[in-house]
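Q: Please take a close look at one part of this predicted model and describe it for a reader who is new to it. Begin with a strand pairing, then proceed to the contact between the chains and to the backbone.

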Amino acid sequence: MNLELPGIAVAFADAARQAIQAAGGVQVARRAQADPALRAAVAGPLLDRLGVDDLDPRGGLDAAAAAAQLCRVAGGFAFPYPVAARLAAPPGSGWRFVAAVDTGGTWVDHADLPGPWLVVDTVGAVGRAEPLAARRDRTLAPFATRVTVNPVDVSLGAVDRALVTTFDAFTVLGAAEQAHALAVDHVRTREQFGGPLAGLQGVQFRVADCAVAVWGLQRLAHFTLWRLFTAPQDAVVDALALRVSALETASLVLSNSHLLHGAVGFCDEHDLTTLDRSVQASLRLPTDLERTSELLFQAIDAGGFHGLFDPREGAAVAAPSSSGSGLTGYPATNEGGPRQRAVAVPEGNGGAPTYPQRDNG
Amino acid sequence: MDFDLGPEAARLRRSLRDLVEEHLPPGFLGAFTDDPDDLQVTQRFAKLLAAGNLLTLAWPREFGGRASSVWEQTVLREEMWAHHEPRGAQYMGLNWIGPAIMRFGTPEQQRLHLPRIAAGEVIWCQGFSEPEAGSDLAALRTTASQDDEGWVLSGQKVWTSYAQIADWCFLAARTGPPGSRRDGVSVFLVPMDRDGIEVRPIASMLGPHHLNEVFFDSVRVHHDELLGDEHAGWDVIRESLAFERVGIARYARADFLLQSVLQRIGGFSGLPVPLRGRYARALVHNRVARLLAYDVVAEQDAGRSLPGDAAAARIAAVVGDQEASDVLVEAIGPAVLDSGPEADEQLHADVEDYWRYSRAATIAAGALDIQRGLVAKAVLGSAR
């Protein structure tokens, strides 16, 4: 048992945090909402300089943890770029971004940015997403874009699909942590009724409930990442469980942070507003809480849910398996683990373990 | 980063499940039922564990323990709670009274008490709550007045679990002046057969032995029955409660029942549609509660005992416990009311028993809002 994050992940997160802060922090998001071209001009190159293209989260837990921490940092700044989708794209595959959509889904955050975009739906069907129309200004999820999805002859394995969901959950975690930190700072310093708001028991209880939720999500996020590498057969169900927790936590923390801030928290110049508006894309796309819960119980029905009393033979007391056993029951075509590069291979290439190439047709 | 509890813990879990299967009767719902045989089952089971040196896994060898890892101790807590705590009342002595005596006791107190706790031969009760000092424990009024021969106890405790069957009481009393709050509390180790102690059971929906009143009428306590320094009892209590807050692995019984009921009803299709999402989320919340408890264990193992973390783990566990019990009851429907010894379905009796227990989860070991206050204090610090 070792609950510490790998040192490389901590260092990578520190470097990312410093780089985004140097670029303006949350101000980058505000500027990008006024000038969406800044995403490609500023945000993308910042990630390039951090070396994200050299980071292969399928290469091992350390690299995956570093990638997840980058998503978490980005979420805390409402960083205006599809960081999770970029990191979920298998290096060398030709796909720039990999995102999740609901079955028949037509929205992808930031899909107006040049791709190519590979999208995977809730049953594992993949396609190439193309932006349908010019992006329109809107208050919530300012970069969510309507897309059309055309099937492509590739498939994604369970672990690849789980990585998309897991990285997105880390982004939500970062946003929830920052919204909570803003609320804590506010109630410690804002004085009403002759003292800091933090002196009021009702405020304390709200802060405590949010802290417990955030701490719990932190632990679950790390656990899920570890399970991707030790029990890849459960990758999809574990990632859905993490998404459920992330959506619940974000909802609790954002609503309480707004309440504790009062009207100032809704002002465009306040970071809380920017965080809330931006994270709505991750909270609604590809699925909201109820729909994610539905997907979760379907996945549990199909393959079980790991725990102390997992009814699957041996799972209750044995150490997690290091190899996939196809137990999730999902119709994905490849249940291999991260180290096996789980993107499935199109027919007719001799079975070589290569990534599907960009669909140029 | 590695969440595996290790091969020793996995082996221990298998051994404990084998013991449970072999030695607990079908339908066992714990020591404290209307059937007095259940109490005897737990006394035998505790001695069986002690014979295998499994009661005091994490205790140091010098105190009769096996010096096992905290993770093996965690497995023991999980397996025992999941199976209706077949150690009966023993868990209290093992999990926090014993450790408190190790930490604060004299060598004589350690020699007297620890081997008997380790052998499963002695039942303890905890004399903390009073009629006017529940969550506000620092308001306790039971007094211990010093004289040449030691101390004289007078006052009343209430809600004292196991007092009727306990051999000893881990008792908090006021040794300072009235109103001295935390600065005037001391802890005593008091034999329950001492003259002047009267126990009156309180009937409750939790079953027998859970709630009692204990009256102390000029009870003589010797000098060597004071634990730690005079007036320094709050340190002992605080540390004891920190152990208690993570001591009960409530998530383990929730996990057992959530998985068992789901299997019995044939998966989510056997649930009403509106309940399916809630049931799935209960499984997730239970996983989170387990991970938060592991975090506290890891912190304690590293010598860092953080009250905010322990309280957070406790909140997640008890809230998750009540959520799980609610969805389980709704999964079974009105048939859950047909429980008790003659229930058609043992699982229904399990769930009914679990639901009743979970009602008290947000009170035991510090009410939920006290825990929220501790978390808030950790987060907000001096501005609070």
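A: Strand S2 of chain B, residues 143-147, pairs with strand S3 of chain B, residues 150-158, in the antiparallel sense, and the pairing extends over five bridges. Two residues lie between S2(B) and S3(B), and the two strands form a hairpin. Within this pairing, Thr143(B) stands opposite Ser154(B), a residue of S3(B).

The next subject is the interface of the two chains. In chain A, 53 residues are in contact with 56 residues of chain B. About 5000 Å² of area is buried between chain A and chain B, and carbon and sulfur atoms give 68% of that area. Between chain A and chain B there are five salt bridges. One of the salt bridges joins the side chains of Arg219(A) and Asp295(B), with a distance of 2.4 Å from N to O. Polar contacts across the interface of chain A and chain B amount to 16 residue pairs, counted where both residues have pLDDT 80 or more.

On the side of chain A that touches chain B, the elements giving two or more residues are helices H6 (158-189), H7 (201-230), H8 (235-261) and H10 (289-303) of chain A. H7(A) supplies the largest share of that side, namely 15 residues. By residue class, the side of chain A that touches chain B comprises 34 nonpolar, ten polar and nine charged residues.

In general, most residues other than glycine have a negative phi, and most peptide bonds are trans. A cis peptide bond, however, joins Gly115(A) to Pro116(A), with omega about 10 degrees. Pro116(A) is placed in the loop between strands S2 (107-109) and S3 (117-120) of chain A. A cis peptide bond also joins Leu285(A) to Pro286(A), where omega is about 5 degrees. The loop that holds Pro286(A) runs between helix H9 (271-284) and H10 of chain A.

Two residues of chain A remain to be described. Ala78(A) is not a glycine, yet has a positive phi of about 50 degrees. Ala78(A) is situated in the loop between helices H4 (61-76) and H5 (83-88) of chain A. Its relative accessible area is 9%, and Ala78(A) is therefore buried. Phe193(A), likewise not a glycine, has a positive phi of about 55 degrees. The loop between strands S7 (191-192) and S8 (195-196) of chain A contains Phe193(A). Phe193(A) counts as exposed because its relative accessibility is 77%.

Terms used
Residues are numbered from 1 along each chain as its sequence is written. Chains are lettered from A and ligands numbered from 1 in the order in which they are written. This is a predicted model: local features need pLDDT of at least 70, side-chain atom pairs count only at pLDDT 80 or more; totals for chains, interfaces and linings use all residues. Side-chain values use heavy atoms; hydrogens and water are left out. Contact means heavy atoms within 4.5 Å. Buried area is the accessible area (1.4 Å probe) that two parts lose on being put together, summed over both. A salt bridge is a side-chain nitrogen of Lys or Arg within 4 Å of a carboxyl oxygen of Asp or Glu. A polar contact is a pair of N or O atoms within 3.5 Å; within protein, one must be able to donate a hydrogen and the other to accept it, and residues adjacent in sequence count only if both atoms are side-chain atoms. Helices (H or I, at least four residues) and strands (E, at least two) are DSSP runs, numbered from the N terminus. Ala, Val, Leu, Ile, Met, Phe, Trp, Tyr, Cys and Pro count as nonpolar, Asp, Glu, Lys and Arg as charged, and the others, Gly among them, as polar. Two strands pair if DSSP finds at least two bridges between them. Buried means under 20% relative accessible area, exposed over 50%, partly exposed in between (1.4 Å probe, protein chains only).
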